[in-house]
Amino acid sequence: MNSPLPTSHQALTVPEVMSALRMSRFKVYDLIRSGTLPSFTEGRARRIPLDALRTYIHNKLEEAA
């Protein structure tokens, strides 16, 4: 199975996370605001660590099990 996550980046942009999770911009920022999806800013750019996204996906799978 091909992963929709870029494998060459350690931090993803909000649009990349939107695409990977098939979520709206509002929902991704909601996850960031709530602390569910850790992120950081570099200048004015918001970045989500790849490991944080993988952890979020893993946690959601655990909840569904």
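The model is predicted, so local features need pLDDT of at least 70 and side-chain atom pairs count only at pLDDT 80 or more, while totals for chains, interfaces and linings use all residues. Residues are numbered from 1 along each chain as its sequence is written, and side-chain values use heavy atoms, leaving out hydrogens and water. The protein has 3 helices and 3 strands, in the order β-α-α-β-β-α along the sequence.

**Overall layout**
- Helices (H or I, at least four residues) and strands (E, at least two) are DSSP runs, numbered from the N terminus.
- Of the 65 residues, 23% count as buried, where buried means under 20% relative accessible area, exposed over 50% and partly exposed in between (1.4 Å probe, protein chains only).
- Contact means heavy atoms within 4.5 Å; among contacts between residues at least 6 apart in sequence, 45% join residues at least 24 apart.

**α1 with α3**
- Helix α1 (residues 14-21) packs with helix α3 (residues 50-64) at an angle of about 25°, and their axes are 12 Å apart.
- Axes are lines fitted to C-alpha atoms, for helices over the stretch in contact, and angles run from 0 to 180 degrees between N-to-C directions.
- The two helices are therefore roughly parallel; angles under 35 degrees count as roughly parallel, over 145 as roughly antiparallel, 65 to 115 as roughly perpendicular and the rest as oblique.
- V17, A20 and L21 in α1 meet L53, Y56 and I57 in α3.
- By class, this contact has 6 nonpolar, no polar and no charged residues; Ala, Val, Leu, Ile, Met, Phe, Trp, Tyr, Cys and Pro count as nonpolar, Asp, Glu, Lys and Arg as charged, and the others, Gly among them, as polar.

**α1 with α2**
- Here the packing angle is about 105°, with the axes of α1 and α2 9 Å apart.
- That makes α1 roughly perpendicular to α2.
- V14, P15, V17 and M18 of α1 make the contact with R25, V28, Y29 and I32 of α2.
- This contact of α1 with α2 has 7 nonpolar, no polar and 1 charged residues.

**Inside α3**
- L50, A52, L53 and Y56 are buried in α3.
- The buried residues of α3 pack against β1 (11-12), α1, α2 (25-34) and β3 (45-49).

**A loop residue to look at**
- R22 lies in the loop between α1 and α2, and R22 is exposed, with a relative accessible area of 70%.
- Phi of R22 is near 55°, a positive value in a residue other than glycine.
- Most residues other than glycine have a negative phi.
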